[in-house]
Structure formats: C-alpha cells, structure tokens
Amino acid sequence: MNAELLHCARLASGELVDVRIVDGLVAEIDEAGSLEGSAGGAVLDLDGALLLPAAAEPHAHLDKSQSWDAIQPPLGDLPKAVRSWHDFAGILTEDDIERRALSTLRRMVRAGFTAVRTHADLLPGDDPVRGIRALARVKQRVAEVLDLQIVVLGLADKPTEVFAAALDAGADLVGGAPHLSPDPIADLQRLVALAAERGIGMDIHTDENLDGPITIDTYAALTRGWEQPRTASHCSRLSTFSPQRLAEVAAALRDADIGVVALPITNLYLQGRDAATTGPQGRGIAPIGALAAAGVRVAAGADNVRDPFNPVGRCDPFETSSLLVAAAHLAPADALAAVTTGARDVLGLPAAGPHVGAVADLVAVRAVSIEEAIAYAPAERTVFRRGRVIARTRVEHDSAQELDGAPGAVGEERIR
C-alpha cells in the first residue's frame, strides 16, 4: 500500500499530527485531524503510534549472518572468530549466501530498516568473489524495498586484482582490515590507491583492537580532500586513547570528513577478553559521543548477526540503541539518531523522517517516547519505504486474568 496520509501519528515531541506524503516525500505535517486525503488516496490511521525515521544499518555482514549453528564455533576473541569463519567459508556457495542474506534482510525490514551497508568477504578457494556475486543478486532483488550497499572486504593475502574483480562483480566500495595485516600502513595505502583509481568510496575496518598498530591517523591523512564517502568502522582502539589524543584524532577525522561507525554488540563480545585489558576502557566501543561533540559524523550498527563474531543479535535498531545508552553512555535521543539519521548520513543517503521535505522512510512503533521505544522495543511496527508500507507487524496479547486491568497498569492500555 502506498500511503498518502498518515493520521494521528505521534512525534518524538509528543505532539499528535497528520502527515501527508507526496511522491515518496513528506509534504505536509499538521495537527491530528486537520488534514484530509484526496479521493482514492490511501489513509492509514496510526492511532497515536510513535513515528520515527526508518533505521539504516551502516555495517552488516550478510554473507556471514546466521552461520553460527552450522559452524558451532568456540566462544572467543577476534582471532578465534576469524579462524572459525575462514575454515567454514571455503565450502560456501552463492546460493547459501543469498539464502541467509535474504533471511536476515527480511528480519531487518520488519524491524524498521530501509537501508543496509554490508561488507562481503573475498572468500577462500578458486572463486573468491562468489560472495560478492550473491549479494549483488540480492541487491537487485530488494531494490524496491531498501537501499543495499556492498563493500568488498579482504585481508593483505588477497591481491589488489581480486579486489578489483570484486568491484567489477558488483561491490560499491573498497573495504579491508589493515590493522590485521603484517604491514598495516602498506595495506591501507594500496586500498586507498584502488579506491582513488576507481573514483569510489571506502569503508575500512579500522583499528578493531585494544593494542597493536594504529592506522586511523594515516587513513585520515591519505583521504583528506576526497569527495567520495569514507567510513572508519569499529575504531575500538579509540576507546583507549587519552582525552588529548582522542581530541587530536577527532579533529583529523572531522577535517577529512570520515564518518565513524560504532558497533557495540560485536565489540562487547569480542574485545576485552584479555585479562590485561580491564576497566571501563576494556570493552572497545568507539567513543562516538565525544566524536560527535567534536564535529565528526557518527553512526552505529549491529555488525554481525549469529555468526562466529557474535552468537546473538536480533536485527533490531532498538537493540543497538539500547546498548549505546547502557554501554556507550549516549542519551536515548542520540542513540536513536546514531541508527537512523546519523546512519543515513554516513551512508550518503538523503535525510528521512517525519519532517517536511524528507524522504518518507519511516517506522511507526507502539510507544509514546523514544525512551520507551528503546526500552521495550515493541514488536508492533509499520515500516514505510518512500511512503509505501513494506512491512507491518501486529501483536495480540493474552495474559492471566489477575494481570489484566490491574490498578495502575501501563502499557498497551496507556499508549493506544
């Protein structure tokens, strides 16, 4: 259904409004009950549901997603996860990757995502770009439902020619993890050179560790002045920097216009397992609150979903937001922005949300405030892609008689 008018939507301010959508954009917002639909136009009554910008996932691994059960990897840190995945990846087929990627994307769309950037490994074997081809097929299949960006991800053992072949096969951006290479700076330099040659952007797994080599300063210096989008993902090492050192790096990132993506769930799982890294800085979440205050563009994502790098994950933007509140000490509104407006900005997408002139990529959730939405992550949601309803989840509750209508009860009775 293409909705022309959303009736009785609740804004984050608490105001109840009507929202008119024209040609996929928010055209008009006025107090609830004041706008009328045109003859034959679709009107959807949101009945006071909270209307938010749709979520954007700035860092996924769709080729790895939902592989935990098949691999049965040991619990552990980043090196163990890399080994477990590499041992399994040699037998992966295009069809297997496509099947699991589509399954994960269905969950993501139902949760409120309308844009996803996924990294895709250069795989072991004679055909290292088969994962890229699989995700390129997925991208074509879901084009009317969400924006899907593909980043080619490989380590120093993959020749530049293989990265180039992946770009020819459908990858949109150059990626990598130079900090894992024997010569991190040399690996970063060759990836930057390839992106410059192709005239495309980059999204680098940057310093995903709590010690060892640091590449983020070089990344900023090498790409300063570029017009193409550049992203530094993970940036776990920044959590160990002194305030002065962090301020220096933040200024370099701001001046180079590099967006930083924090990935709390995977870094909480992988980082800080070494007993030598204890205390509040031992969990490896990029300090995006401090970076944002310094003028850096920031976002956050869920990263891995049930694979060797993270055995859990719900494909839900409210899960990431909740972790940012609890573990990164962001205010709830800032945590939500990191997975919605901030994520779209880092992905280079136009602004979306319940604002006149914005793209009508929206999610209506059964809550009365941002704080409540993050806290309870209500399952009842309606997701809009340029005004078209692409997913709708309804919930029916049954509970013991003693619980129904109890004095002072809150919840569904209060927010409907």
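Which residues in H3 meet which residues in H4? In this predicted model, Glu94, Asp95, Ile97, Glu98, Ala101, Leu102 and Leu105 are the residues of H3 that take part, and they meet Arg130, Gly131, Arg133, Ala134, Leu135, Arg137, Val138 and Arg141 in H4.

**Helices H3 and H4**

- Helix H3 covers residues 94-111 and helix H4 covers residues 130-141, and the two pack with their axes 9 Å apart at an angle of about 40°.

**Helices H5 and H6**

- Helix H5, which spans residues 160-168, packs against helix H6, which spans residues 184-198, at an angle of about 40°, and the axes of these helices lie 11 Å apart.
- H5 and H6 are therefore oblique to each other, and the crossing that they form is right-handed.
- On the side of H5 the contact involves Thr160, Phe163, Ala164, Leu167 and Asp168, which meet Arg190, Leu191, Leu194 and Arg198 in H6; the residues of this contact divide into five nonpolar, one polar and three charged.

**Helices H11 and H12**

- The axes of helix H11 (residues 317-327) and helix H12 (residues 332-339) cross at roughly 135° and come within 8 Å, an angle that makes H11 oblique to H12.
- H11 passes H12 in a right-handed crossing, with Pro317, Phe318, Thr320, Ser321, Leu324 and Val325 of H11 and Pro332, Ala335, Leu336, Ala338 and Val339 of H12 making the contact.
- The residues of the contact of H11 with H12 include nine that are nonpolar and two that are polar, while no charged residue takes part.

**Aromatic rings**

- With ring centres required to lie within 6.5 Å for a pair, the count of aromatic pairs comes to zero.
- A ring does, however, have a charged group over it: the charged end of Arg245 sits over the ring of Phe241, at 4.8 Å from the centre of that ring.

Note on methods
Residues are numbered from 1 along each chain as its sequence is written. This is a predicted model: local features need pLDDT of at least 70, side-chain atom pairs count only at pLDDT 80 or more; totals for chains, interfaces and linings use all residues. Side-chain values use heavy atoms; hydrogens and water are left out. Axes are lines fitted to C-alpha atoms, for helices over the stretch in contact, and angles run from 0 to 180 degrees between N-to-C directions. Helices (H or I, at least four residues) and strands (E, at least two) are DSSP runs, numbered from the N terminus. Contact means heavy atoms within 4.5 Å. Rings of Phe, Tyr and Trp (its six-membered ring) pair if their centres lie within 6.5 Å; planes under 30 degrees apart count as stacked, over 60 as edge-to-face and the rest as tilted. A charge sits over a ring if NZ of Lys or CZ of Arg is within 6 Å of the ring centre and within 35 degrees of the ring normal. Angles under 35 degrees count as roughly parallel, over 145 as roughly antiparallel, 65 to 115 as roughly perpendicular and the rest as oblique. A crossing is left-handed if the near helix is turned anticlockwise from the far one by less than a right angle, and right-handed if clockwise. Ala, Val, Leu, Ile, Met, Phe, Trp, Tyr, Cys and Pro count as nonpolar, Asp, Glu, Lys and Arg as charged, and the others, Gly among them, as polar.
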